[in-house]
Every structure is written in structure tokens, then in C-alpha cells.
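Hi,

Here is the structure I promised to send over.

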Amino acid sequence: MSNEEPRVLAIILGGGKGTRLYPLTKERSKPAVSFGGKYRIVDIPLSNCINSDYKKIYLLTQFNSASLHQHITNSYNFDRFSGGFVEILAAEQTLEHSGWYEGTADAVRKNFIHFKSQKPTHYVILSGDQLYKMNLRDFMDAHIKSGAEITIATTAVNRKDASGFGIMKIDENSCVKEFMEKPKADLDISSWKIPQEARGSLPPEKEFLASMGIYIFNADTMEECLLGENSKYTDFGKEILPLAIGKKKICSYVFDGYWEDIGTIRSFYDANIALTEPYPAFDFYGNTTPIYTHMRNLPPSKINKADITSSLTSEGCIITNCKLNRSVIGVRSIIEDGTEFDGVIMMGADYYDDEAEKAKNHEKGVPCTGIGKNCKIANTIIDKNAKIGDNCQIGVSGKTYEDGDHGTFYSADGIIVIRKGAIVPAGTII
């Protein structure tokens with residue numbers, strides 16, 4: 001193996017339509033959804049790349065990419081001497097390809113023409129909707145040391161959780177021997193337990209290895225797996241990797257840190273609210289592995305009077321005589337007198353209403369952007385630019401709703417979602 005520094009391209013997969021995160025994905029792609037008050041989901045994998053000094057990054061997407069493109073343009077500009085870039089590659093028609101991306105592998109295949117100009121020796125494939133901090137250089141070092149052609153990042157899970165993932169069977173040298181997609185709960189998979197030699201300090205109840213959807217490929221191996229007779233296969237997890245087992249040396253890299261897939265409304269809500277814990281599993285606070293995002297020229301938040309417990313507040317907010325508990329408050333959030341939040345994710349706003357806009361809203365009987373007076377809101381996600389009038393009650397009545405669209409709001413997994421730009425009249429009870 002050469003001692004030359006590997007030339008690494010990072011590829012972040014933006015995902016499909018994001019139907020499981022609807023309606024948050026109605027007008028934006030999944031990676032562009034706000035997270036943690038001031039960030040976007042895509043900031044997580046991008047920051048992992050930058051903190052690992054992998055600064056040649058392609059982001060593959062095809063649905064509702066305008067908001068994502070604006071965020072990337074405003075946030076990630078490397079100096080001209082580093083050679084770094086973050087470039088969005090949306091699905092495009094060419095003389096060779098006329099359709100949409102048909103899967104994760106197909107998205108990569110259709111962009112080889114762009115990748116090859118960088119002459120990479122290795123590709124790091126990352127998902128755009130996961131919450132974790134990983135030193136990708138440690139991942140790469142393990143890949144090179146093992147002599148693998150493909151390395152799959154894995155996380156240890158218990159038997160119950162194993163049914164929700166693609167499961168790896170490895171030998172004592174961490175080489176992948178078999179792959180199984182989402183084994184049914186009643187299937188005996190005891191022979192798939194992690195060998196004792198490869199367990200390290202993993203918790204005893206976590207006996208199986210699940211794929212994280214994060215991979216390293218040698219560049220020539222990637223081309224062999226995606227081109228030629230394999231051109232008909234479109235997905236890494238379901239087709240490309242299972243077919244490569246036995247033909248290529250594939251190893252497992254066990255990641256023992258916090259990792260969460262935030263692809264559904266419930267997992268998205270829980271991951272955000274978990275940030276409000278005193279010592280959250282995923283921590284934004286620290287010097288060595290910061291999470292980067294758009295640097296906004298916003299004033300500090302103004303707290304006129306409030307009782308705030310276990311909550312995050314972002315820049316540019318105006319909060320007046322409120323009670324906030326276990327809530328995440330986004331940029332430019334306006335919360336008026338007497339309002340109470342419990343378990344609320346408020347994504348904030350893209351703008352402040354000026355005086356003319358406020359007067360216009362008053363004439364029409366429309367609330368201003370933000371939350372009015374004396375509202376009680378719980379177990380709710382409030383998307384950006386929502387206008388909620390005085391004396392509203394949302395998520396506190398104890399009433400349950402079927403998953404789906406209910407006009408003013410959307411219900412998913414027991415969570416109320418107020419749509420982006422929604423107008424909720426004064427006195428509304430949901």
C-alpha cells in the first residue's frame with residue numbers, strides 16, 4: 001500500500017422526496033430542513049467532513065433544491081488556496097442520462113464525469129439526514145490499514161432494533177461475509193452476532209452490526225461496482241454492496257459514538273428535544289468539532305421577561321413574559337406576552353415584519369409573524385414564518401389526530417406540525 005496521502009472526495013446523498021418528513025419537506029429538500037434552532041440537517045455531515053479536513057465535497061440532490069442551494073452558497077465558501085469546495089449536483093439531463101436519480105448508487109454513477117476531474121483515490125459516501133460526529137480520518141485510516149476495497153461504517157444494535165436495519169455478518173477480522181436487509185423479528189439470526197474478537201468495549205446487549213449507510217470505496221472499486229454489467233443496479237444498501245460480498249474485500253468499521261437517523265417526524269422531533277437535556281448525547285458545545293452553518297448578521301436575542309427551562313434560543317429572537325420548557329427556538333422568533341411552550345420546536349422566521357407589514361396584517365385581521373399573546377402550545381413543530389394569533393391552544397387538549405393533513409395543521413406520529421407560512425387565527429384550538 002502506498003504511503004501517499006489519499007485524495008478523498010466526500011459525497012453526501014441528499015435523499016429522495018423526503019416523504020417521511022412531510023410537510024417539513026413540502027418546499028425544501030430533506031437536508032435543508034432546519035435543525036437545532038439555527039442549523040440545517042445538512043450542516044451535520046458537512047461539518048464532519050470539514051472537521052476531518054476533507055474539503056472536496058459534492059452534495060447530490062434532486063428535489064426542492066433551491067433552499068438547499070441558497071444555504072450552501074451562503075454558508076460554505078473556502079479560501080482559494082485550500083482547493084476546497086461544496087458543490088451541489090442536482091439531477092440533470094445529459095446525452096448519456098435523461099432521467100432522475102433512481103437510487104443512491106445511480107446518483108453517484110450519473111456524476112462520475114464530475115468526480116473524475118478531481119482524480120480521487122477514495123470516495124467517502126455519507127447520508128444527508130443523520131445526526132452524529134465522526135472523525136472521518138480515523139474511518140479512512142482503518143480502511144487503508146485493513147487493505148479493504150470497501151469499508152462500511154456500522155453501529156452495534158440489539159435484536160429488537162436489528163429489524164430496522166441492514167445487518168452485517170463479520171468474521172474475527174471484521175471482514176463482511178453476509179448482508180441481510182431488515183431481518184424479521186421472529187427470524188433466528190443468532191449466528192450473525194458480533195464475534196468476540198471484534199467486540200471491543202461494545203455494550204453486551206448490542207450483539208449485531210447495523211449499516212449506517214456510510215461507506216468508503218477505493219476509487220477503482222467504485223467504478224467496477226457501478227459500471228459495466230452493474231449499471232442496472234441503483235441502490236448501495238440493497239444491491240451494490242450485497243453483490244460485492246465475496247468478490248471484493250469488504251470490512252466493517254464499528255462506530256461506537258452517538259448516531260441517529262432523523263428521517264421521520266418523530267425521530268426529528270425527539271432528536272431536537274433531546275438537545276435540551278443538560279448533557280445531550282449530541283452536543284453542539286465544544287471547540288474541537290464545531291457544527292458550521294450560515295453566519296447571519298443578527299442581533300442577540302432580547303428576553304424581556306421569561307421563565308425558561310431546558311431550552312435553546314437562537315439569535316435575533318424577541319421573547320416577552322413567556323414560559324418555555326424543553327423547547328428549541330429558531331432564529332428571529334417572536335413570542336408575545338403570556339405564551340407557554342412545552343416540548344415545542346419553533347423554527348423561527350426568514351424575516352421580521354416591518355411596520356407597514358404589521359399595519360397591513362392588522363387591517364386584514366391576520367396575525368403577525370411569530371406567536372401571539374396567551375397561547376399554550378405543546379408537542380408541536382412550528383415551521384418557519386408561521387403566524388399564530390392570540391389565545392391559541394395547540395397540542396394541549398389531549399385530543400389525538402390521525403396521521404395526515406388536517407387543513408390548518410398536519411399530524412404525524414403524534415406530533416402536531418404547523419406548516420411553513422401557515423396562518424392560525426386567534427382563538428384556534430387544535
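Let me begin with Glu 223, which is partly exposed at 26% relative accessibility. Please keep in mind throughout that this is a predicted model. Glu 223 forms a salt bridge with Lys 116, and the closest N and O atoms of the two are 3.6 Å apart. The two partners come from distant parts of the chain, 107 residues apart: Glu 223 sits in helix H7 (residues 219-226), while Lys 116 belongs to the loop between helix H4 (112-115) and strand S6 (122-127). Lys 116 is partly exposed as well, at 43% relative accessibility.

A second pair to look at is Lys 248 and Glu 149, whose side chains meet in a salt bridge of 4.0 Å, N to O. Lys 248 is in the loop between H8 and strand S12 (250-254), and Glu 149 is in the loop between helix H5 (136-146) and strand S8 (150-157), so this pair ties together parts that are 99 residues apart in sequence. Glu 149 is partly exposed, with a relative accessible area of 23%.

There is also a network of salt bridges that links Glu 5, Asp 53, Lys 55 and Arg 137. Within it, Asp 53 and Lys 55 have their closest N and O atoms 3.8 Å apart. Asp 53 has a relative accessible area of 44% and is partly exposed; Lys 55, at 29%, also counts as partly exposed. Over the whole structure, the search finds 18 salt bridges.

Now to the largest pocket, which holds about 1,200 Å³ of space. Its lining is made up of 40 residues, and those nearest the centre are Arg 20, Thr 104, Ser 127, Asp 235 and Asp 261. Among the elements that give two or more residues to this lining are helix H3 (104-109), strand S11 (208-218) and helix H8 (236-244). S11 gives the most, with four residues. Sorted by class, the lining has 20 polar, ten charged and ten nonpolar residues.

At its start, a side-chain oxygen of Asp 235 comes to within 3.0 Å of the backbone nitrogen of Gly 237. The buried residues of H8 are Phe 236, Gly 237, Ile 240, Leu 241 and Ala 244. Viewed down the helix axis, these buried residues fall within an arc of 110 degrees, so they line one face of H8. Just after the helix, Gly 246 has a positive phi of about 95 degrees.

Happy to go through any of this with you.

Best wishes

Key
Residues are numbered from 1 along each chain as its sequence is written. This is a predicted model: local features need pLDDT of at least 70, side-chain atom pairs count only at pLDDT 80 or more; totals for chains, interfaces and linings use all residues. Side-chain values use heavy atoms; hydrogens and water are left out. On a 1 Å grid over the protein atoms alone, a cavity is a set of points where a 1.4 Å probe fits but cannot get out, and a pocket is an open set with protein on both sides within 12 Å along at least five of seven lines; lining residues have an atom within 4 Å of a point. Grid points are joined across faces, edges and corners, and a volume is the space filled by probe spheres set on the points. Ala, Val, Leu, Ile, Met, Phe, Trp, Tyr, Cys and Pro count as nonpolar, Asp, Glu, Lys and Arg as charged, and the others, Gly among them, as polar. Buried means under 20% relative accessible area, exposed over 50%, partly exposed in between (1.4 Å probe, protein chains only). The arc is that of the directions from the helix axis to the C-beta atoms. A polar contact is a pair of N or O atoms within 3.5 Å; within protein, one must be able to donate a hydrogen and the other to accept it, and residues adjacent in sequence count only if both atoms are side-chain atoms.
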